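Subject: Handover of a structure and the findings from it

Dear colleague,

Please find below the structure that I am handing over to you. I would be grateful if you could read the notes that follow with the structure in view.

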Amino acid sequence: MITLPPPKQEVLARREAIIAGLRRLVPGDGVIGDALRLKPYETDGLAIYRQPPLAVVLPETTEQVAAVLRFCQGNGVRVVPRGAGTSLSGGALPMEDAIVLGLMRMNAILDVDYVDRCATVQAGVTNLAITDAVAERRFFYAPDPSSQLACMIGGNVAMNSGGAHCLKYGVTANNLLGLRVVTIDGDVLDLGGAHLDAAGYDWLGLITGSEGMLAVVTEVTVRILRSAEGARAMLAGFHSNAIAGACVDAVISSGIIPVALEFMDRPAIHACEAYAHAGYPMDAAAMLIIEVEGAPAEQDFLCARLTDICRRFDPISLRVAATPEESAAIWKGRKGAFGAVGRITPDYFCMDGVIPTSRLPETLERIGEMANEAELPVCNIFHAGDGNLHPLIMFDANSAQQFTRAEKLGADILELCVAMGGCLTGEHGVGIEKRDLMHLQFSPTELDQQRRIKSAFDPGWLLNPAKVFPLEAT
Amino acid sequence: MITAAPADEAGIAAAIADACAACEPLLVQGGGTKSAMLRPVQAVRTLSTRNCSGMTLYSPGELVFSARAGTRMADVETTLSATGQHMIAEPPDFSLLLGTTGEQTLGGIVATNFSGPRRIAAGAVRDHVLGVRAVNGTGETIHSGGRVLKNVTGLDLCKLLAGSHGTLAVLTEITFKVLPAPEDSCSVVLHGLAPHTAVAALAAAVGSPFGVSGAAHLPPAAAARLGATQSLTLARIEEFAASVAYRGEKLCVALNDFGHAEIWPGAVSRAAWASIRDAHVLPTDPDHAIWRVSVRPSRGPEVLAAARNAGADGYLDWAGGLVMLSGPASEPVHAAMTGAVRRAGGIWLVLRAPAPWRASVSVVPPEPAALAALTHRVKAALDPAGILNPGRIFAGV
């Protein structure tokens with residue numbers, strides 16, 4: 001079970017005065033203090049952990065964010081930045097003595113520039129809203145996390161979010177041009193801009209994925225890309241995880257980089273098919289969804305090559321979408337995967353470990369054995385092209401025993417990923433969830449080095465406390 | 001000058017620990033091919049990574065390789081091309097331009113984060129660094145990232161160290177993502193356009209669905225170095241052969257409003273882009289200064305115009321967003337250039353100039369006070385004694 005550091009008693013004792021002070025900075029209903037209205041902010045996408053904050057502050061301008069941070073710095077108040085609260089790693093879990101700084105009211109699209117191919121938006125704009133804003137000109141914003149309907153760009157920057165299409169287009173860090181951030185001192189910094197290369201240190205790269213520990217993002221300039229002429233999905237079912245894994249290797253080695261290459265194992269296929277009726281092969285042990293882009297003739301060419309490759313692995317089924325509707329049907333089950341699993345289990349943990357793709361078959365086999373030992377069902381739905389696994393561990397949180405076993409199984413799976421040459425998290429972030437596993441990947445010297453960089457930004461450790469670093473190291 | 005070039009990471013760590021204990025600054029370099037840029041470093045001792053070399057992992061099926069920092073770029077490229085793969089960001093080789101001898105190393109490529117024409121489509125060098133091993137300014141060995149394609153575990157020191165010019169830590173080993181090299185390529189070429197029109201054409205090309213992976217404009221003096229008699233505007237396509245043929249024709253039609261476009265096939269196109277990448281097309285004199293400017297693409301032409309007014313010349317890459325300039329190393333020229341870059345909202349970097357002059361001007365834009373303070377604190381977090389390439393980017397850092 002995750003532990004939080006003890007709250008600062010002197011902050012709790014001054015709660016009313018702190019809230020009054022914040023109300024002077026963010027007028028109207030922008031400061032929430034009453035218990036009932038704090039409830040929605042007590043957790044995020046990792047809903048198993050809950051802790052109401054001291055107060056919630058919802059600023060509407062960068063100047064207000066700066067004033068709030070300066071106030072918190074002056075009063076020793078911890079700050080938990082929050083976008084839509086969709087973090088799967090507990091990245092926005094509050095503390096009793098911390099304010100939640102919610103950016104959701106800063107939701108304006110400030111500028112779209114098709115000539116220079118960039119858009120500047122406030123941190124509370126949702127991921128999908130950026131693509132929606134430029135879709136009429138057939139442009140898009142590339143990173144597409146599963147939560148893209150709800151998750152906000154500020155949170156995407158904080159966690160360096162990925163998505164199904166980052167095999168070709170990269171993750172958030174690869175699609176940013178500029179940030180406006182506010183430090184805990186209340187300084188507003190403009191990093192990057194609409195140009196590609198930085199002078200000085202790569203602040204943009206360091207802050208992206210820093211999980212709200214270095215600065216609070218208020219504005220983001222992203223690259224927007226012109227959509228390809230078209231896209232087509234294909235689906236291939238195989239006799240075993242190992243065979244599907246070998247096929248992934250063969251595809252990547254062939255010189256074709258699909259825009260997406262998704263893997264589902266048998267439990268995942270069954271859960272998604274029951275939910276979405278997408279026509280998935282129920283007799284397959286594993287299934288790949290492969291998507292290519294280009295003009296129709298180019299799609300034909302690439303799909304023919306991919307079909308040849310898949311045929312070498314004795315597929316149970318092989319289907320190339322003939323129409324955009326058939327492509328959408330193939331994606332439908334995958335996109336509804338989390339909802340589908342949610343229907344067959346009261347609770348689940350979504351892991352996010354990454355492994356070298358060559359270790360795919362043995363890793364999946366070992367995860368299966370570990371799940372049997374823990375007597376908990378696990379299904380696997382993940383981005384195969386980049387080795388980013390998402391084992392979903394199903395359990396019932398009402399059973400303390402199952403909960404404990406599920407937590408341990410999750411930690412064991414991540415330890416396995418690191419042992420295979422991979423890492424703890426590919427796109428969800430460390431947050432609260434994987435904090436205590438960081439020693440698996442980093443030596444004490446390395447954690448100290450990261451801590452010193454954190455201290456360079458936030459010497460009092462007020463920004464998103466108790467995340468990322470093991471408590472004993474902070 | 002006393003040069004140490006240890007053969008392994010432990011030797012590099014020991015050399016840095018000794019220098020830290022003695023508070024003795026080190027000039028940190030790989031092959032030393034870029035020593036003519038930025039500010040000159042005042043140090044009696046040089047620490048070179050050039051002997052710490054060799055590929056330690058190459059897994060083409062996983063699109064990754066690892067190599068020690070001193071591995072020569074030429075060796076990396078030979079190994080990758082044997083399996084049909086390449087460095088995604090197409091890093092340039094400026095050694096001819098900078099008049100340096102020696103071979104550039106993988107560590108130098110990462111420490112400077114210079115990317116080639118493909119930057120506009122596929123990202124910078126730093127975007128493909130999956131993991132690093134490095135020694136900080138106290139001699140501690142650290143790693144960040146790893147060998148997998150996605151990794152958000154902990155702070156991203158790969159990006160912090162990339163482009164830090166050896167001022168924060170000395171890279172010892174780097175893991176890169178690579179991609180299959182394209183089967184074929186071509187360029188769609190327009191002749192005789194003025195810079196503003198050219199950049200409009202390039203914006204249309206890059207904003208098309210045809211996956212343009214290079215977009216440059218060479219004014220007459222630069223174009224002359226490719227044997228052309230008037231300006232050249234080039235958009236590159238790299239794909240499977242069938243797609244190159246299809247997309248090249250479609251792009252010619254799409255750019256019809258800007259004039260009659262012709263197609264340069266594979267070999268001709270590749271040679272032109274190598275010259276653009278390495279700035280061999282830059283009109284320059286040996287005693288000229290060279291500036292590398294990154295701006296919003298639509299503002300590239302006005303920076304170029306300001307440079308020409310001040311007696312310099314150059315060309316545009318990255319659809320207008322990269323301006324390579326050469327001109328007399330004088331304060332008025334520098335002021336004209338940097339003034340134009342400031343107005344356009346971008347950055348400059350002095351790539352070549354006489355050493356005393358480099359020590360006296362802002363080789364990159366000065367940072368606002370709050371950011372400068374952060375630069376000092378982050379530098380101190382990695383190199384508390386300030387011994388690694390002191391003063392390389394900013395005086396006193």
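The notes below go from the conventions to the chains, their domains and selected elements.

This is a predicted model, in which local features need pLDDT of at least 70 and side-chain atom pairs count only at pLDDT 80 or more, while totals for chains, interfaces and linings use all residues. Residues are numbered from 1 along each chain as its sequence is written, and chains are lettered from A and ligands numbered from 1 in the order in which they are written.

Chain A as a whole

Chain A contains 17 helices and 18 strands; helices (H or I, at least four residues) and strands (E, at least two) are DSSP runs, numbered from the N terminus. Its radius of gyration is 23 Å, close to the 23 Å that the globule rule gives for 474 residues, so chain A is as compact as a globular protein of that length. Here the radius is taken over C-alpha atoms, and the globule rule is 2.2 Å times the number of residues to the power 0.38. The C-alpha trace of chain A spans about 70 × 55 × 40 Å along its principal axes.

Of the 474 residues of chain A, 57% count as buried. A residue is buried if 20 or more other C-beta atoms lie within 10 Å of its own, exposed if 12 or fewer, and partly exposed in between, with C-beta atoms placed from the backbone. Among the contacts in chain A with a separation of 6 or more, 73% are between residues 24 or more positions apart; a contact requires C-beta atoms, placed from the backbone, within 7 Å.

Domains of chain A

The domain assignment gives domain 1 (9-104 + 455-473), domain 2 (109-226), domain 3 (231-338) and domain 4 (345-437) of chain A. Such bounds come from an automatic or database domain assignment. The C-alpha centres of domain 3 of chain A and domain 4 of chain A are separated by 23 Å, and 17 residues of domain 3 of chain A are in contact with 14 residues of domain 4 of chain A. On the side of domain 3 of chain A that touches domain 4 of chain A, two or more residues each come from α9 (241-253), β13 (260-265) and α10 (266-276) of chain A. The largest share of that side, six residues, is given by α9(A).

Strand β14 of chain A

Strand β14 (residues 286-293) of chain A is mostly covered, with eight of its eight residues buried. Ala286(A), Leu288(A), Ile290(A) and Val292(A) point one way from β14(A), while Met287(A), Ile289(A), Glu291(A) and Glu293(A) point the other way. In a regular strand the side chains alternate between the two faces of the sheet.

Two strands run antiparallel to β14(A): strand β12 (residues 231-238) of chain A is joined to β14(A) by eight bridges, and β13(A) by six. Strands pair if DSSP finds at least two bridges between them. Leu235(A) stands opposite Ile289(A), and Met264(A) has Met287(A) as its bridge partner.

Leu288(A) also touches residues including Ala236(A), Val248(A), Phe263(A) and Ala384(A), not counting residues up to four places away in sequence. Leu288(A) is one of the residues with the most contacts inside the largest nonpolar core, which has 293 residues; the others named are Ile99(A), Ile393(A) and Met337(B). A nonpolar core is a set of buried Ala, Val, Leu, Ile, Met, Phe, Trp, Tyr and Cys residues joined through C-beta atoms within 7 Å.

Where the chains meet

In the interface, 72 residues of chain A are in contact with 64 residues of chain B. The largest share of the side of chain A that touches chain B, nine residues, comes from α17(A).

Chain B

Chain B is divided into domain 1 (2-180), domain 2 (184-276) and domain 3 (288-357). The C-alpha centres of domain 1 of chain B and domain 2 of chain B lie 32 Å apart, and five residues of domain 1 of chain B are in contact with 10 residues of domain 2 of chain B.

Three strands of chain B form an open, parallel sheet in the order β1-β3-β2. β1 (2-4) and β2 (26-29) of chain B stand at the edges with a single partner strand each, so one side of each is left without a neighbour in the sheet. β1(B) pairs with β3 (residues 45-48) of chain B over three bridges, and Ile2(B) has Arg45(B) as its bridge partner in β3(B).

In helix α11 (residues 300-309) of chain B, the buried residues are Gly300(B), Pro301(B), Val303(B), Leu304(B), Ala306(B) and Ala307(B). Their cover includes α7 (195-206), β14 (288-294), β15 (313-317), β16 (322-328) and α12 (331-344) of chain B. Gly311(B), with a positive phi near 95 degrees, follows α11(B).

Conventions. Contact = placed C-beta atoms within 7 Å.
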